[in-house]
Amino acid sequence: MKVGIIHNSLNSVGGGERVCLKTIEALKESGYETVLATVEPTDWERVDRIMGGTVKPDEELSLINFKVRMFGIYLRLLTTFLASKLRKLCDLVINTHGDVLPIEADIIYMHYPTFALMKENPVNIKYSQSLFWRAYFIPYEAVQRILVKRFLSGVILTNSIFSKRAIKKYTGRDASIVYPPVEIDKFTPASRGVDRERIVVTCGRYTPEKNYEFVLRVAERLSGEARFVIIGASSGRISQEYYRRLSMIKEEKGLENVELLRDLPFDELLNVYSRARVYLHTMRYEHFGIAVVEAMAAGLVPVVHRSGGPWEDILKGQQGLYGFSYSNLDDACEVISRLVKDGVTSEIVKRNLNYVQDFSAESYKKRILHVVEELAE
């Protein structure tokens, strides 16, 4: 059986791209033939370096043969031209980038409804930060609203309770929660680190919605108590501009206890995690938060904003069981100050090393295969 997977681009190497890659891996391990449809060709060397190894599809179809650095969200619509081809080539089509296309997919993994971004807690969303970005986003938002009414069929999967609620509210459709895949086994070696330092780590793409300015504010307040390391993937003009802005703030404030690292090789990232005590997650209303689970698997205690997937789905809305939450700067500083002084709470770390298996790549692969096999019957 041949399965087509649609994803506009894997080159940003984020959580959505991991979902796509693990879907391909699960299918190939079960004997399915896979065809990946992207707008731009995948830089597999970069993806392998950042992801720490990947399984490639049997075939990749790209609409154009060069990387595109502009009109990112509109590129998603261009996958329509390949989706129609996939429908002819494949027995089943899975859309893993999650936005609705003017052609039906059998399975759509909707990370979060795009047209709800500005309606539901539009915090740190770049499309709300200037008139230019608002004007850029409005047409796409309108197109998605139309497509949802006409083409949203098949099985809808999503990444969290938070996203499931928004999908129901804005589409009227129920979604099943399938937590995104986390490479637990790749991070657990870092949990054996015994010489933990007063290091606080934050990890993710360098994009404005990640709200890394908050890390700098905490670091300024706790300048004599801890070191702060931001580790981020950097791809495209917006990402590079954001990195430069953070660097300028760091220099202006003289934050010698802050490091900004870009595109760190996986083994170096693990080295940092093995020496750190706390993971600080700064994005508010995050849809899920793969980086939070990765840090937990590496033996760090997470500190997350009291909203979205990190709080509702990962920490289960419970303070001190799997980690801690904050609602403002004072909260975050108080919790982090206590954790770096007292050291990592061994009871929480031990509990987390078992608990995070619920979010493992293996768990994801079993769940996605179950959905595929039900449709294939």
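Modeller: Start with pairing: two strands pair if DSSP finds at least two bridges between them. Keep in mind that this is a predicted model. Here, Ile-6 stands opposite Ala-37 in E2, and strands E1 and E2 pair in the parallel sense over 5 bridges.

Colleague: How does the chain get from E1 to E2, and what is the handedness of that crossover?

Modeller: The chain passes through helix H1 (residues 15-29) on the way from E1 to E2, and this β-α-β crossover is right-handed.

Colleague: Which residue of E4 does Ile-6 stand opposite?

Modeller: That's Asn-95. E1 (residues 2-6) pairs with E4 (residues 92-95) in the parallel sense, over 4 bridges. As for E2, 4 bridges join it to E3, running parallel, with Ala-37 opposite Leu-61 in E3.

Colleague: What is the order of strands in the whole sheet?

Modeller: Read it as E3-E2-E1-E4-E5-E6-E7, an open sheet of 7 strands with parallel pairing. E3 (59-62) and E7 (176-177) are at the edges with a single partner strand each, so one side of each has no neighbour in the sheet.

Colleague: Is E2 largely enclosed or left open by the rest of the structure?

Modeller: Buried means under 20% relative accessible area. In E2 (residues 33-38), 5 of the 6 residues are buried, so the strand is largely enclosed by the rest of the structure.

Colleague: And Phe-187, buried or exposed?

Modeller: Phe-187 has 3% relative accessibility, so it counts as buried. Phe-187 sits in helix H7 (residues 184-187) and touches residues including Phe-266, Leu-270 and Tyr-273.

Technical notes: Residues are numbered from 1 along each chain as its sequence is written. This is a predicted model: local features need pLDDT of at least 70, side-chain atom pairs count only at pLDDT 80 or more; totals for chains, interfaces and linings use all residues. Side-chain values use heavy atoms; hydrogens and water are left out. Helices (H or I, at least four residues) and strands (E, at least two) are DSSP runs, numbered from the N terminus. Buried means under 20% relative accessible area, exposed over 50%, partly exposed in between (1.4 Å probe, protein chains only). Contact means heavy atoms within 4.5 Å. A crossover is right-handed if, with the strands pointing away from the viewer, the path from the first strand over the helix to the second runs clockwise. Lists of a residue's contacts leave out its neighbours within four places in sequence.
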